[in-house]
Amino acid sequence: MLQFYSFGQNIAQNIENPESKLLEHKKIKGLKSIDEFVSTELWQINRLRLMNEVPLILETSYIPIDYLKNFEIPELKQDSLYNLLKKNDNHVVRAKEYLEPVLPSLNDQELLEVKEDSCLFQTIRYSYDSENKLIELRESLIRGDHFSFSVEMTL
């Protein structure tokens with residue numbers, strides 16, 4: 001898999017009226033739970049992805065500030081984070097992603113407009129550059145009533 005799926009490139013091309021809402025972006029001082037990011041200044045970027053005005057995906061990305069120095073706020077709404085990383089001369093070449101079903105928190109219920117017993121897909125993605133440095137950690141909460149995941153493998 002040399003290409004990674006993203007909301008903007010894969011999902012939205014088949015859906016009418018895709019939209020991204022920037023909920024928050026801020027600088028934070030590290031993530032204690034991620035060794036590579038413990039003492040790294042990061043951008044925390046929270047976005048809500050909608051299709052036909054229905055909220056479907058809640059994303060939180062953590063990117064070291066050194067990898068994403070130059071961007072405009074509207075770009076966080078309109079462009080993929082991988083494109084913004086490329087514009088800053090950083091290229092994602094590999095990623096690991098983990099998927100598990102979860103139930104929504106109260107905040108997730110409100111933002112995604114789901115009930116407390118709604119199943120969500122939680123994905124955690126670790127994206128790396130050619131030097132095997134972690135350049136993005138992304139947690140996505142995806143409504144299970146609108147998506148299915150499949151994998152095709154050639155052995």
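Colleague: Which residue does the side chain of Arg125 join through a polar contact, and how should I read that term?

Modeller: A polar contact is a pair of N or O atoms within 3.5 Å; within protein, one must be able to donate a hydrogen and the other to accept it, and residues adjacent in sequence count only if both atoms are side-chain atoms. Here the side chains of Arg125 and Tyr82 are joined by a polar contact of 3.0 Å. This is a predicted model, in which local features need pLDDT of at least 70 and side-chain atom pairs count only at pLDDT 80 or more, while totals for chains, interfaces and linings use all residues. Residues are numbered from 1 along each chain as its sequence is written, and side-chain values use heavy atoms, with hydrogens and water left out.

Colleague: Is Arg125 buried or exposed?

Modeller: Buried means under 20% relative accessible area, exposed over 50%, and partly exposed in between (1.4 Å probe, protein chains only). Arg125 has a relative accessible area of 4%, so it is buried. Arg125 belongs to strand β5, residues 120-128. In the protein chain as a whole, 45% of the 155 residues count as buried.

Colleague: What else involves the ring of Tyr82?

Modeller: A charge sits over a ring if NZ of Lys or CZ of Arg is within 6 Å of the ring centre and within 35 degrees of the ring normal. The charged end of Arg138 sits over the Tyr82 ring, 5.5 Å from its centre. Lys96 has its charged end over the ring of Tyr126, 5.9 Å from the centre.

Colleague: How many aromatic pairs does the structure hold?

Modeller: Rings of Phe, Tyr and Trp (its six-membered ring) pair if their centres lie within 6.5 Å; planes under 30 degrees apart count as stacked, over 60 as edge-to-face and the rest as tilted. The structure holds 1 such pair. Its members are Tyr98 and Tyr126, edge-to-face, with 6.0 Å centre to centre and 85° between the planes. Tyr98 is in strand β4 (residues 94-102) and Tyr126 in strand β5, so the pair ties together parts 28 residues apart in sequence. Tyr98 itself is partly exposed, at 45% relative accessible area.

Colleague: Which residues of the largest nonpolar core touch the most other members?

Modeller: A nonpolar core is a set of buried Ala, Val, Leu, Ile, Met, Phe, Trp, Tyr and Cys residues joined through side-chain atoms within 4.5 Å. The largest has 14 residues, and those touching the most other members are Trp43, Ile45, Ile63, Leu68, Leu76, Leu81 and Leu85. At least two residues each come from β2 (41-51) and α3 (81-87). The largest share, 4 residues, is from α3. Another core lies apart from this one, with 9 residues, including Ile28, Leu31, Ile34 and Phe37.

Colleague: Where is Glu53, and what is its phi?

Modeller: Most residues other than glycine have a negative phi. Glu53 has a positive phi, near 70°, and lies in the loop between β2 and β3 (54-64). With 67% relative accessibility, Glu53 counts as exposed. Glu113 also has a positive phi, about 55°, and is placed in the loop between α4 (106-112) and β5. At 57% relative accessibility, Glu113 counts as exposed.
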